[in-house]
Amino acid sequence: MTKMSGAQMVVKSLEAEGVKTMFGLPGGTVIHLYDAIYDSKINHVLMRHEQAASHAADGYARASGEVGVCIATSGPGATNLVTGIATAQIDSVPMVAITGQVATSAIGSDAFQEADITGITLPIVKHSMQVRSPEQIAPAIKKAFYIASTGRQGVVLVDVPADVQKAAGDFIYPDEVEAMPGYDPKKNIDLGQLDKAVAMLESAHRPVIFAGGGVIRAGASKKLTDFAEKYEIPVITSLLGKGAIPESHPLGLSLGMAGMHGHPVANRAILAADLIITVGARFSDRSTGRRNRFATEADIIHIDLDPAEIGKAIGSDVFLIGDAGFVLDALHKSMKKRSFDRSAWLEDIRQMREREPMPKNDIEGTISPWQVIETLREVTGGNSVLTTEVGQHQMWAAQYFRVEEPRRFLTSGGLGTMGYGFPAAIGAACACPKQPVCCIAGDGSFMMNIQELDTCARYNIPVKVFILNNSCLGMVRQWQQLFYDHRYSNTLYNRNPDFAKIAEGMGVAAYTVAEPGAVKKTIEQALEVPGPALVDFRIPQGALVLPMVPAGGALDEMILR
């Protein structure tokens with residue numbers, strides 16, 4: 001038993017949980033905490049904005065599989081975390097957010113920089129706690145990491161008032177989590193319909209697997225790939241499922257991403273399938289299109305860790321509740337039929353892919369978005385962590401950057417958060433120091449957290465940013481072109497900042513490219529820079545993300561050109 005301040009207890013608790021890196025910004029109600037951090041061996045990355053700190057913690061978690069940690073002061077510091085908390089929660093990212101709070105005696109008095117952050121974030125966290133004494137800190141941190149990392153992962157917020165940080169108490173870090181009535185992730189397992197699922201698999205002629213982010217979070221990518229190979233089942237992914245199977249699969253079993261901007265063969269295969277085995281995906285509206293016309297010819301087996309997802313968006317004929325790897329193992333062990341001849345189905349798939357390849361509508365003499373992305377993939381050999389901002393560039397990256405491993409494609413899925421990709425890349429670079437980390441950005445999204453160029457420069461974090469600059473808010477402009485009679489309301493910029501000059505002013509190597517012939521050479525130059533670098537690619541404003549399923553449309557209503 002050791003006497004120490006509450007702030008020291010927070011830091012010692014984080015050390016006990018094995019935290020190596022955290023992201024944050026100091027302020028009035030976390031001065032005590034930052035004073036304790038001064039003596040800690042934990043690597044603290046000082047960000048330029050609290051929203052960026054939460055996205056960096058998110059990127060760290062997605063790239064490493066560990067719990068990400070961010071810290072902010074009370075009031076505006078804490079509320080600046082909100083977008084990052086919501087982004088991580090909807091994508092099931094394990095994260096602990098620690099916020100300062102005004103002294104307990106001042107709570108509820110509208111004190112300076114007071115905000116009810118536990119109340120504000122209640123709908124967008126997995127759990128939240130406010131500690132009221134130093135002795136509550138260690139059990140709260142233990143509980144936070146357990147809840148964030150077990151079951152369907154998510155965000156836990158721990159609010160620590162300033163006087164609790166300053167007060168002294170006895171520190172004992174618990175070996176076990178205190179009992180939590182109503183929370184037992186192990187009880188969620190339900191394989192009651194396993195025999196029905198096996199019968200469907202054994203009788204299916206045109207099965208597909210629809211893999212989501214749950215496969216990656218479960219560490220089940222190899223099991224999924226082995227399962228697909230063993231039973232000759234093509235695999236389609238959601239946006240967050242990229243990397244669940246190698247996208248350059250030698251047997252051609254990876255069909256790419258499905259949905260609004262999915263690969264034509266992925267969407268056609270869903271429509272033609274007689275069985276869809278959905279693993280760790282929640283049937284988001286962007287994946288399914290019009291739900292009453294989704295996979296009308298198919299039976300659906302839904303495998304998910306969260307019982308709340310079963311039947312929420314798309315009805316299933318059979319459901320299995322549990323971790324993706326555990327359920328795939330159970331299916332494999334229960335299969336009586338050990339060999340399958342899916343050659344006719346795989347030939348149908350091959351012909352679909354041949355008839356409708358990914359459309360590439362080049363504009364002569366200009367840099368094509370896919371040229372940048374495919375060249376980056378070629379130069380890196382795919383051996384990089386890729387993050388994206390949100391918009392057209394995000395979809396081009398999802399379409400054209402083939403991902404071979406899990407946790408190598410990080411993007412905001414459910415919330416679609418502009419400003420996510422760059423700070424997430426900083427977090428990923430801290431998690432994977434031996435791996436190149438690249439961020440594909442749009443000029444609109446990049447502006448939202450551009451200040452983090454300084455963070456990269458100060459710590460020499462070797463993130464490479466590739467901006468697809470079309471001087472507009474590209475995805476909204478695309479919708480205005482296709483569905484709003486070319487009425488470009490507040491999406492076109494008369495002028496754009498000189499991103500290269502801004503980057504150089506913050507100490508980051510930078511390049512501007514307007515000629516197609518300079519694309520590969522400049523990417524190679526940027527990747528050779530030992531620290532951070534930025535390349536501003538000028539692409540045509542009229543470049544479109546295709547295919548596109550119109551909002552409310554079915555998957556067979558793809559606009560291809």
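How many helices and strands are there in the chain? There are 23 helices and 20 strands, where helices (H or I, at least four residues) and strands (E, at least two) are DSSP runs numbered from the N terminus. The radius of gyration, taken over C-alpha atoms, is 24 Å, close to the 24 Å that the globule rule gives for 561 residues, so the chain is as compact as a globular protein of that length. That rule is 2.2 Å times the number of residues to the power 0.38.

Before going further, please note that this is a predicted model, in which local features need pLDDT of at least 70 and side-chain atom pairs count only at pLDDT 80 or more, while totals for chains, interfaces and linings use all residues. Residues are numbered from 1 along each chain as its sequence is written, and side-chain values use heavy atoms, with hydrogens and water left out.

**Overall dimensions and burial**

- The C-alpha trace of the chain spans about 70 × 60 × 40 Å along its principal axes.
- Of the 561 residues, 58% count as buried; buried means under 20% relative accessible area, exposed over 50%, and partly exposed in between (1.4 Å probe, protein chains only).

**An open sheet of parallel strands**

- Here 6 strands form an open sheet with parallel pairing, in the order β3-β2-β4-β5-β7-β6; two strands pair if DSSP finds at least two bridges between them.
- At the edges are β3 (43–46) and β6 (127–130), each of which pairs on one side only.
- From one strand to the next, the twist averages 20°, with axes fitted as lines to C-alpha atoms (for helices, over the stretch in contact) and angles running from 0 to 180 degrees between N-to-C directions.
- Strands β4 (residues 68–72) and β5 (residues 95–101) run parallel and are joined by 5 bridges.
- Alanine 72 has threonine 99 in β5 as its bridge partner.

**Strand β20 and its partners**

- Is β20 (residues 533–538) mostly covered or mostly exposed? This strand is mostly covered, with 5 of its 6 residues buried.
- Strand β18 (residues 463–469) runs parallel to β20, and 6 bridges join the two.

**Enclosed cavities**

- There are 2 cavities of 30 Å³ or more; on a 1 Å grid over the protein atoms alone, a cavity is a set of points where a 1.4 Å probe fits but cannot get out, and lining residues have an atom within 4 Å of a point.
- The largest cavity holds about 190 Å³ of space; grid points are joined across faces, edges and corners, and a volume is the space filled by probe spheres set on the points.
- It is lined by 16 residues, and the closest to its centre are Arg62, Ile216, Arg217, Leu240 and Arg407.
- Two or more residues of this lining come from each of α3 (50–64), α10 (213–217) and β16 (409–410), and α10 gives the most, with 3 residues.
- The lining of the largest cavity has 7 nonpolar, 4 polar and 5 charged residues; Ala, Val, Leu, Ile, Met, Phe, Trp, Tyr, Cys and Pro count as nonpolar, Asp, Glu, Lys and Arg as charged, and the others, Gly among them, as polar.
- The second largest cavity holds about 40 Å³, and its lining includes Trp370, Trp396, Gln399 and Tyr400.
- Helix α17 provides the largest share of that lining, 3 residues.
- By class, this second lining has 7 nonpolar, 2 polar and no charged residues.

**The second largest pocket**

- About 380 Å³ of space lies in the second largest pocket, a pocket being an open set with protein on both sides within 12 Å along at least five of seven lines.
- Its lining counts 20 residues, of which His263, Met358, Gln399, Tyr400 and Arg402 lie nearest the centre.
- The elements giving two or more residues to this lining are β11 (254–257) and α17 (392–400), with β11 giving the most, 4 residues.
- This lining divides into 8 nonpolar, 6 polar and 6 charged residues.

**Glutamate 524**

- Glutamate 524 sits in helix α23 (residues 519–528) and is partly exposed, with a relative accessible area of 32%.
- Glutamate 524 and threonine 375 are 149 residues apart in sequence and 9.6 Å apart in space, C-alpha to C-alpha.
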